[in-house]
Each structure stands twice: as C-alpha cells, then as structure tokens.
Amino acid sequence: MAYPIYVMGNFHGDLRSIPLIVLIIYSYEYILPGIIALAAAIIYCLCMGGDDVFLSTATLLLSVGPCFFFLKSLRKKQAARRMLICMNLSIYSVIVFILSFFVYLEINSYTNEIHSDCIFIISILAAASFIGMGVSILLKEHFIETAYLKNELERSEKLKIVSQIAASVAHEVRNPLTVVKGFLQLLKESVDDKKKDYLNIALSELDRAEYIISDYLNLAKPQADQLEVIEISEFLVHTLEIMNSYGLIQNVQIHLNCNQTDLYIRADKPKLTQVILNLIKNGVEAIPDKGEVTVNAYYYKEEICIEIIDTGKGISREELEQLGTVFFTTKETGTGLGILVTFRIVEALKGKIAFQSELGMGTKVLLKFPAVDQLK
C-alpha cells in the first residue's frame, strides 16, 4: 500500500487484498482479527489521500467485505475449500479493481486516454494477484499441515510413554489387586453388617481400580485381534439393550434410528462394542437432569456412519480441541483414558472419529468405518 503502482493519474493498484483475504478466511469463525486488519487498511488508505481516496477505500471494502460471509461455513480441516474460496475471492477482487478503474476514468473524464500501458499494468497486477494469492495460501496450508504433524508427533510420543507405563505396570498391579479382592470377599462372609458395608466400599473401589487398569491395558494394545464382518443395525440393537437400563436410571432415553439391514463393516466386535458403549455412556452422563441420546446409522460414500447425539450440556471449543489427549477429561472423577482408548481403537479399526459440540446444545460424535460386502 505504501508503494503502489499507478495506472493513470492518481489511480493506483497494489496487492493489499491478498493478506486481508487470507487473514479473514484463515481466522475461521473469529471475526474480530479480520475487522481490525480491515479497519487498519482503511485508515492507512485514507491517510494516503489523493483524488481517488474514497474510490480506493470503496474498492477495498467491496473486495474484502464478502470474505466475512464465508467464515461460519469453514472448518479447520477443509483445506481444499479454503483454497478454492481464496482463489475465487482473488478473481473477484481483480474484477472489482477493473470496474473501479473504469469508474475513475468516468469521474475524471479520462475515457478517451486509455492506452496500452494501462492495460499492461492492469494485466500485471491481475497476474500478480493470482500468483500472490496462490503462493500465500500454499504457504499457509503448509504451515497448518506442519503444525498438525507436530501436534500428532507430540501426541504419539505421549501415547508411547503412557503405553510403555501401562504395559510395565498394569500386570504387576493387577495381580495383588486380585489377591486383595479375593481375601476381602472371604472376609465379607464372616463379619457383621456394619463391617460388610465397609468391605463393600473397599470392593467397589477395587473394581474401579481394575477398570482403570483395563483401560491402561487397552491403551497399550489397541489393535484389533479378531476381525469379523459385523452387520451394524443388529449389532447396535444388541449394544443399546445393554445401555437402556443405565439410561433409565439416569432419566435418559436412548433411541436408535437405523432402517437399513445391509450395513456391514469388518471389525473386532468386543472392541467396537467398547467404543459404542463408552460414547453412549459419555452422552448419558453429559445430560444433567433429563434428556435423550440418539444413535443413527447409515451408508454414505462407501463408508458406514454411526452418529451418537446427546442433548447434554455440551463442551467448549477449547475442550473439544483437547479431546483424545492424554489424561484430559471433562468429568470430575474421570481419568481421560476412556475417550483416549476409544480414539486408539477407532484408529486400529481403520475408522475415523469426529466431535461437534456447543455449550448448552449437546454433543454429536460421528464414527466412520469402511463399508464391506457381506460375502467378504
């Protein structure tokens, strides 16, 4: 903006729209950074002055303003969509610039003075705009991908450490727990009712300890052992029967929507059951008073999709980004291992898992697994 290219008279062009468009589009749903940057550009434009200052400001607003309409429809994982939108907005900004040039000619009565140099300069600016936008978004996507790979590497290192601890400690701890639990059960038969209550508390805590150790073992060995073809609708019917009583105790209704009987995936049935039960249990526990958990299953683009939707309190954007990290949990008494094990099992089954949530609006979990033919 400080060193523009003058086309004719005081009418000039530059590449100001490129950083502004990239900034706004890559701010995702955050509007404030784009507004601040656009306001700074407008103020600087006004300070530069010239007989085309107002036309230049209007051109800037028309070129960059439409970017804000795309923010709510963008997600962090939609790289191709972001790049396409940025390139289209670059083309749009060039068109606006050319139209504003003709408006400037009309205002200043330069209509008959257009020569080849003006056309050449405008062509250079248009080409520079396309190339600059292309290079900018490629660099931006490269930075995003690098940051994502770095986070995945850190996550893998943390999982590796936890897995090593789990493999070395879990078996050693489980054996004495089993012995202690056995002796407590024997003592329970020969004590009065008051002491039985104490023993029941001790046994329940031992059960909780065993449950946590089992999660550690699953974390250490998430791979699928016995793959088989599973018909999803029948599988979900049986799985939800297990959770119905738990849902009734919590005053939560569990519904299943699946009218198709030809949804087949290849998976380890016990591990898949663990994933579904864990996610439904999380959904039920996220509902404070009364609500429902809905499970949908359907076929889409050669994948079997399973949705688990609750009407609970939801989670914030910051918490959503931390799901699946070591020891992160939104529960007061949770360990964070349950959802971490779920992530690991889904990865081992070559599936995908995604969360969508808003505070006060509930949470939606989407599982995707490759569809297979029944005969395979």
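## A buried salt bridge

Arg-82 counts as buried, at 1% relative accessibility. Buried means under 20% relative accessible area, exposed means over 50%, and partly exposed lies in between (1.4 Å probe, protein chains only). The side chain of Arg-82 meets that of Glu-141 in a salt bridge, at 2.9 Å from N to O. A salt bridge is a side-chain nitrogen of Lys or Arg within 4 Å of a carboxyl oxygen of Asp or Glu. The pair links distant parts of the chain: Glu-141 sits in helix α5 (residues 116-188) and Arg-82 in helix α4 (residues 79-107), 59 residues apart. Glu-141 is buried too, with a relative accessible area of 11%.

## The model and its confidence

This is a predicted model, where local features need pLDDT of at least 70 and side-chain atom pairs count only at pLDDT 80 or more, while totals for chains, interfaces and linings use all residues. Residues are numbered from 1 along each chain as its sequence is written, and side-chain values use heavy atoms, with hydrogens and water left out.

pLDDT is the predictor's confidence in each residue, from 0 to 100. The protein chain averages 82, and 86% of the residues score at least 70. Where is confidence lowest, and where is it highest? Helix α6 (residues 193-220) has the lowest mean, 75. Strand β7 has the highest, 93.

## The chain as a whole

The protein chain has 10 helices and nine strands. Helices (H or I, at least four residues) and strands (E, at least two) are DSSP runs, numbered from the N terminus. Of the 376 residues, 40% count as buried. The chain exposes about 21,700 Å², and carbon and sulfur atoms supply 60% of that area. Accessible areas come from the Shrake-Rupley method with a 1.4 Å probe; for residues, only the protein chains shown count as cover.

Contacts tell another part of the story. A contact means heavy atoms within 4.5 Å. Take the contacts with a separation of 6 or more: residues 24 or more positions apart account for 74% of them.

## Two nonpolar cores

A nonpolar core is a set of buried Ala, Val, Leu, Ile, Met, Phe, Trp, Tyr and Cys residues joined through side-chain atoms within 4.5 Å. In soluble globular proteins, nonpolar side chains tend to be buried together. The largest core here has 38 residues. Which of them touch the most other members? They are Ile-232, Leu-272, Leu-279, Ile-280 and Leu-367. Helix α8 (residues 269-285) gives the most to this core, with six residues.

Look at Ile-280. Leaving out residues up to four places away in sequence, Ile-280 touches Leu-240, Met-243, Ile-254, Val-295 and Ile-308. A second, separate core has 20 residues, including Tyr-26, Leu-71, Ile-85 and Met-133.

## Strands side by side

Two strands pair if DSSP finds at least two bridges between them. Strand β4 (residues 252-257) and strand β6 (residues 291-300) run parallel, joined by six bridges. On to strand β7 (residues 303-310): β6 and β7 run antiparallel, with eight bridges. Here Val-293 has Asp-310 of β7 as its bridge partner.

## The hairpin turn

β6 and β7 form a hairpin with two residues between them. Lys-301 is found in the loop between these strands. Its phi is positive, at about 50 degrees, although Lys-301 is not a glycine. Glu-302 is also in the loop between β6 and β7. Phi of Glu-302 is near 60 degrees, again a positive value in a residue other than glycine.

Glu-302 is exposed, at 61%.

## More salt bridges

How many salt bridges does the structure hold? There are five. Among them is the one between Glu-303 and Lys-352, whose closest N and O atoms are 3.6 Å apart. Glu-303 lies in strand β7 and Lys-352 in strand β8 (residues 352-358), so the pair ties together parts that are 49 residues apart in sequence. Glu-303 is buried, with a relative accessible area of 17%, whereas Lys-352 counts as exposed, at 51%.

Arg-16 counts as buried, at 11% relative accessibility.
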